[in-house]
Each structure stands twice: as C-alpha cells, then as structure tokens.
Amino acid sequence: MPPPTSAASRDEPVIRDRGDACPGALRLHAADDGHLARVRIPGGLLTAEAAAVLADAADRLGDGHLDLTSRGNAQLRGLGAGCGGELAALLAGAGLLPAAAATHERVRNIVASPLSGLDGQGHADVTPWVAELDRLLCGSEAAAALSGRFLFALDDGRGDVTSLAPDVSVRALRAGTAVLWTHNDTDAVAVDPRDAPRAALTAAHYFLDAVRGAGTKAWRVGELPAEHRLRAGELLNRLREQGISAERAERAERAEGAEGAERVERADESHWFGASAGRAAAGPGPGAVVGPDAERVALSVLAPMGRLTTGQWRLLAAAAAAAAGTLRLTPWRGIVVPGADAATTPDALARLAGAGLVTAPGDPWENVSACTGRPGCAKALADVRADARAVVAAAGARAGGAAPPVHWSGCERRCGHPRAAVWLDLVAGPRGYALAVAGRAGRPVRDDVPATAPDLTAALAEADAMVTQTQPTQHPQQTDQPQQTDQPQQPQQPQQQT
C-alpha cells in the first residue's frame, strides 16, 4: 500500500482567487455518474451502527457502493441531485455530522494512526486526541474558514500518518512528549500530549492569520509565500498565550536521549516529520493484527481500488458489531476492525476474503490504484478500473512487495496517484495508454500501449524491468485513491489529492 499523494514543494506560492470546491456531505459534487458526497470521518473512527447507516444511504440514494479516500473518509456516488436533505438527515441521525454542519463539516479533515492502541506499537494511543480535536474544531468559529483540503495528522509515533504531508502534524514521543509542526517545517515545537489537540488548533488559527496577511487565499500551509511562512518562534508565542506549555523540539530531543530512550525516527531521518521528508510510510497490511491481548486481535483488510459494495461494507459492519463495535478507515484504502475474537479470526477473514476483500499479504490489489475514470468522470478517456481489473485477472502473479505500485489515470490530471519514490504511471489517451516510470527519476516507457490486457501486461513487465535495473531493493506500497477534484499534475512531482 503506497501512501497517498501529498503536496509537493513549490518554488512559487500558489495564488488562490476563490474558496476551494472540495465536496462534502452537504455540498454535493456533480459528476457524470450522478452527484458525489464526501463524508468526513475524523481519524477514520466509525461505529458499526454508523457504518450500517452509510450502507443504507448508498443503497437508497446512491449506486450501492462506498469509496474510501486518502484521508480515511467515505464517499457516496451516483446520488440524485435532490437527495441532499434526505442524506443530511440520515447522516445527522447517525452522528456523522457535527452540530455546526453548515459551516464546519468540511473542515474535519483529521487522520490518525489506524493501529494506535491496538498492536502495542507507537508511543501513545492518539484516538482520544481525535475526538478532542474534532470538538475544538467544530467549536471554533474561526476554523470554519479552513479549506476542505487542510489536513491534521495525529501520529502515535510510528510515523505513518505524518508521511502524508499534512498541514498540521502532532506526533507522540517515547518520553511522554509530543512534537507539533506545520507542513514540512523542521522548526517543530514540543508540547505536553494532553495539550496536543489544543496545540493543533492553535497552529491552524496561526495559518488562517497568515493567509489573511498574505492575501493569497491559500488552502494549504505549503501554499503560503515564503515571507508569510509559519515560524516556530511565533507558534511558540501563540501556544503560550493559550496557556499551553511549549518549547523548541530540539530541547525535547535532548531530554528524550538523556532518559536513554531511542528516538522515534529512524537513524537515517533528519527531521521530526521523518517519512514526510521523502520516505514512504506504509499503512496496516492485510490480515490479523496481534496486540498485547492475545485473545483479541484487529482484522485489517483492503478494498481493491478503494471501492466497496454495500454488501462488503455490511459484512465489515457486522464483524465490527461482533467485536468492539467500531471500525477504523485508513488513508490506505483499508479498514481495521478492532477487538475481534482471536479464536474466530480465521473464519472471519475467510468470509471477508470470500466477499472480495484483500485479507492477506501478497495480493495483486495491494499494488494497484486508479482514479474514477469512465463513466464517473467527464474528463476520463477510458474505464480505467475495468482495464485494471482485466490486467490483474490476467497477470495476478505481478504481486507483492517486489513490484512497484501501478496507478491508472483516465486523463493527464492523474488524480490520486501515489506519493511514492517510484510508481508505474498509466495515463489513458485517445489511442491507448501512455506508460512511464514516475517519481523522482521519472522517465517514459511507451506512449502507445493498446488498451488490451495482454498488451498492458507486457508493457508493465517492461517497466518493472526498468525499475529493477535502477532501484532493485526498495519500492513503496500502494496508494488510496481519491476522486476527481484534483488539479493538473505531472508524474515526476506528486501533488495533493483531495
């Protein structure tokens, strides 16, 4: 599972002249296959009951499917233009909308380490941070001005969600400290973990003040011009004004070392944000996740290309109801079901696999992502998902970690492509597909691959060989797939997906 895409560094600030048009649960997006609703699920944390309501909404109002996004959210497609009121009532009744839904439902973009508190890894259980940050966000009048693309990450120390290039990151440390930073800034500050949610909101308020000062209407921290970038010194001052004890992170690092604890980051990382500086961090792999309680495990599954039928979704909701009553949607198009009975895990995974979900490592779908394509997107030149399914069916042996991820795009925008060091980039054109090895050292392979499973399979094998010759040892894993609201992108420089 390679990580989702992320904002690339920019030489020039992005000048925005409007608010973002990111879809939400109340602001529906018109697509070729009907309207689309994006339901924000902070931290990906969802009750089994709420999951069942989403399935009902997809069946009653949509196309009978749910999509997972790169931020652990859920999308419904094929909605009628006049269903907004009924959908809002269903979601509100299930607790999936905040009280201030009209102003705040699109700003609840919070990702959190999906296995936090489950597998004995990480340095803190950050799930309580999610609820508190969501409460603070929805209670802040100023926060309503955040764009629907502004992202918070709450990382338990393993470096997974801070690899997604969020705008505000909080990461737990072993010494009972948390570090806070914005975008990919090395000027991190240390705070008490109990203050982490308030500190994250304070950083967001600082960003909004900087946007007003810059006059650019920036949607993301990385879009601020250099003279208005967020500074650690000013962030420290603002935190202290809010009664939050904070210091520069370098001091926290020395204190952690003095206690004999290892740094959270790997030895070859030079920044607090670790993976977001360029190393890809993987999400939970498929299978049973064992934690400190040997009698309880977490079930981790992946949805091929991030899309589930309501039947698959209900099967997961039933598994959650029989366990701890909750699910966790991951930014890697996966679902984690905590608290399953270890004794019944093989049977539970077998049922999920029988329904078409990925439940074990080495499945070809771990390495495949795709945009919406036809018929859902008017700009797409091919039904990329159908073509991807045909290739996987014909060449399923191209599986596992040895192969770089493959992303299928219906047009040059490349919506949802991986944020990875290298991936194979298939882009539909009028006469077939263009294929390139994309990433830092991107280069074309062919620009005229016929849209047939044998031809595409052969071309991918050729590209695999090129990657093996230059990078034989390390390949990131596959991405989640967002939808069709991205800006134009180039394969050598991954951009931010919605």
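A search of the whole structure finds 20 salt bridges, a salt bridge being a side-chain nitrogen of Lys or Arg within 4 Å of a carboxyl oxygen of Asp or Glu. This is a predicted model, in which local features need pLDDT of at least 70 and side-chain atom pairs count only at pLDDT 80 or more, while totals for chains, interfaces and linings use all residues. Residues are numbered from 1 along each chain as its sequence is written, and side-chain values use heavy atoms, with hydrogens and water left out.

**Salt bridges**

- Asp 20 and Arg 106 meet through their side chains in a salt bridge (3.2 Å, N to O). Asp 20 lies in the segment before β1 (29–31) and Arg 106 in the loop between α3 (101–104) and β6 (110–112), so this pair ties together parts that are 86 residues apart in sequence. Helices (H or I, at least four residues) and strands (E, at least two) are DSSP runs, numbered from the N terminus.
- Both Asp 20 and Arg 106 are buried; buried means under 20% relative accessible area, exposed over 50%, and partly exposed in between (1.4 Å probe, protein chains only).
- Arg 77 forms a salt bridge with Asp 33, with the closest N and O atoms 3.0 Å apart. Because Arg 77 lies in strand β5 (residues 74–79) and Asp 33 in the loop between β1 and β2 (34–39), the pair ties together parts that are 44 residues apart in sequence.
- Arg 77 is buried at 2% relative accessible area, whereas Asp 33 is partly exposed at 27%.
- Asp 67 forms a salt bridge with Arg 307, the closest N and O atoms being 2.8 Å apart. Asp 67 is in strand β4 (residues 65–68) and Arg 307 in strand β14 (residues 307–309), so parts 240 residues apart in sequence are tied together.
- Asp 67 is buried, with a relative accessible area of 0%, and Arg 307 is partly exposed at 22%.

**The six-strand sheet**

- An open sheet of six strands runs in the order β6-β7-β8-β9-β10-β11, with mixed pairing; two strands pair if DSSP finds at least two bridges between them.
- β6 and β11 (246–248) stand at the edges with a single partner strand each, so one side of each is left without a neighbour in the sheet.
- Strands β7 (residues 152–155) and β8 (residues 168–172) pair in the parallel sense over four bridges. Ala 153 has Ser 169 in β8 as its bridge partner.
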